Amino acid sequence: MSEHPLSAQGNHRVSRRRFLAGTGSVLGAAALAGTITAPARAEVPGLNCTPIPDGSHVRALVIGTGYGGSVAALRLARAGVDVHMIEMGMAWDTPGPDGKIFANTTKPDYRSFWLRTRTKQPLSQFLGFPLDKDVPVHTGILDAEDFAGITVYQGRGVGGGSLVNGGMAVTPLRERFPAILPTVDPAEMYATYYPRANAGLGVTSVDVNWWENADCYQYARVGRKHAQRSGFPFVFVPNVYDWDYMKQEAAGTVQKSALEGEVIYGNNVGKKSLQKTYLAQAAATGRVNVSPLHRVTSVSPAAAGGYTVVIDQIDTTGTTLVTKTVRADRVFFAAGSVGTSKLLTRLKATGALPSLNEHIGKGWGDNGNVMCGRANHMWDPTGKLQSSMPTAGIDNWDAGGAFAEVAPLPTGIETYASFYLSITRTPRRAEFSWNPATGRVDLSWDRAWKQTSIDMARSIFDKINGKEGTIYRTDLFGAYKIWGDHLTYHPLGGAVLDRATDNHGRLHGYQGLYVIDGSLIPGNTSVNPFVTITALAERNIERIVAEDF
């Protein structure tokens, strides 16, 4: 099947429309009562993580270990190609002093943020109290990267964004696909590559009969009631969480993971991150090596053929330990929309890759992300226990340009609040550019552009508040601030398919250079993007392996 059904059974009055929408957001969960007392199962990908030696010659170098990079590594390795992956973050395969690999959501520590002296949580306040705290500088798992007008949240480590998202694995409606990737044939995507991606990612759907009675999804059932009473379809979406494990969590027979609110700083047990899926399969080939805590600084044509790649090996404070120079026959840029776009923009501007075309750095968007909360009545409790893995949302895309995830707010106390992350049909696109004065890459995002997303989200929540007699929360994103309009979890674009590259991700101007991540997608997918990124990577690498190797 090319899409997962979003219908419930029986008389639950859940929409049977096949709209697979949602977000795998790094949610702004602020606090959760309780801590893990048993050691977590170590997430050991089985990859060879021997640092790449200086002077190495590799056949295929993949920059990044997120969705696109993991697909490329697996398919190249299975085709008999030896692959070396360069990852800026840590391996995340060794427990910390508390016996856990990842920090708990309620207690951010040195593992939580990428090279910051103070946390920058997506939800900055709760009940009027600031949530951020000082932390030691460390190569933590969540990067809150600041640009003018927007903060971009990204995963850092082997597995990339799969480490820190909420796992909502969404295939967009086929009729909406031409607006997402206009030069890609929908028939091949929905017949072959979306099914392949869903299978590779381990996508499944929640047991709706269990969900209907689970305490941890009371918040979502309240969201359904309010949506339907205002005439909006409520839709279930798939996820990559192990639902059997969550049932055991709820029964109290295993160590809690989603029911401990684990999400934005990693999930210790139940979520099927790339370490458990694509990267585990890649490791099984014996042809894939990963260098964690390595950062590519330059790629340029090599006199002997292929490309000279300069790489800094860093320690956990971000300090460069040694700079290495290797030669790669082919290079795959898979550092994520921001990482790939910044690197290519700098390489073009500084003369390392001057023949890259004029589309490098352009077409970047935020997937229309905006957050809000609503204060419900006392007779609508949302529950003390809330699973951190969202399962459903409110669809007003056709009428109002918004889909809203019914998101958790796992505080460990009853808040009588509903929380949402919306994806909206925003037309705004920004551009990366090299700033020689600062030696940095800037982004031309204007904070005022978020008003479009706010207006589209209002198409849902103004109506619900009017129907229910409720109000917006004003204590989550700053004093008397309703909208979380300062961020994105879903960066897309910057090296757009069939503009900066050919129609399969080969960079114009250079043979043997490829882009294979979210920077290929021009700014918006109408849903959470990681299944589309994975499916597009599956499509592109199949052609590249067949024709270029």
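Me: Where does N239 lie, and which residues does N239 touch, not counting residues up to four places away in sequence?

Reply: A word on the source comes before the close look. This is a predicted model, in which local features need pLDDT of at least 70 and side-chain atom pairs count only at pLDDT 80 or more, while totals for chains, interfaces and linings use all residues. Residues are numbered from 1 along each chain as its sequence is written, and side-chain values use heavy atoms, with hydrogens and water left out.

N239 lies in the loop that runs between β7 (234-236) and α6 (243-251), where helices (H or I, at least four residues) and strands (E, at least two) are DSSP runs numbered from the N terminus. With a relative accessible area of 0%, N239 is buried; that word means under 20% relative accessible area, whereas exposed means over 50% and partly exposed in between, using a 1.4 Å probe and protein chains only. Leaving aside residues up to four places away in sequence, N239 touches G166, G167, M168, A169, G202, V203, T204, M389 and P390, a contact being heavy atoms within 4.5 Å. One of these residues, G167, has its backbone oxygen 3.5 Å from a polar atom of the N239 side chain. A polar contact is a pair of N or O atoms within 3.5 Å; within protein, one must be able to donate a hydrogen and the other to accept it, and residues adjacent in sequence count only if both atoms are side-chain atoms.

The structure holds 22 aromatic pairs, where rings of Phe, Tyr and Trp (its six-membered ring) pair if their centres lie within 6.5 Å, and planes under 30 degrees apart count as stacked, over 60 as edge-to-face and the rest as tilted. The rings of F177 and Y190 have centres 5.7 Å apart and planes at 90 degrees, so this pair is edge-to-face. Since F177 belongs to helix α2 (residues 177-180) and Y190 to helix α3 (residues 186-201), the pair ties together parts that are 13 residues apart in sequence. Both F177 and Y190 are buried. The rings of F234 and F236, with centres 5.7 Å apart and planes at 85 degrees, are edge-to-face as well, and F234 and F236 are both buried. Ring pairs link F234 and F236 with W210, W211, Y217 and Y219 into a cluster.

Charged side chains also lie over rings. K463 is over the face of F232, at 5.3 Å from the ring centre, and R156 is over the face of W114, at 5.9 Å from the ring centre; a charge sits over a ring if NZ of Lys or CZ of Arg is within 6 Å of the ring centre and within 35 degrees of the ring normal.

Next comes a sheet. Three strands form an open sheet in the order β5-β6-β19, with mixed pairing, and two strands pair if DSSP finds at least two bridges between them. The edges are held by β5 (142-147) and β19 (487-488), each with a single partner strand, so one side of each is left without a neighbour in the sheet. Helix α8 (residues 336-349) packs on the sheet, touching β5 and β6, and its direction makes about 50 degrees with that of β5; axes are lines fitted to C-alpha atoms, for helices over the stretch in contact, and angles run from 0 to 180 degrees between N-to-C directions. Between β5 and β6 (residues 150-155) the pairing is antiparallel, over six bridges, and L142 stands opposite G155 in β6.

The loop between α8 and β12 (370-375) holds N357, which counts as buried at 14% relative accessibility. The side chain of N357 has a polar atom 2.9 Å from the backbone nitrogen of H359. Not counting residues up to four places away in sequence, N357 touches K348, R499, A500 and H508. N367 is also found in the loop between α8 and β12; at 0% relative accessibility N367 counts as buried, and N367 has a positive phi of about 60 degrees although it is not a glycine.
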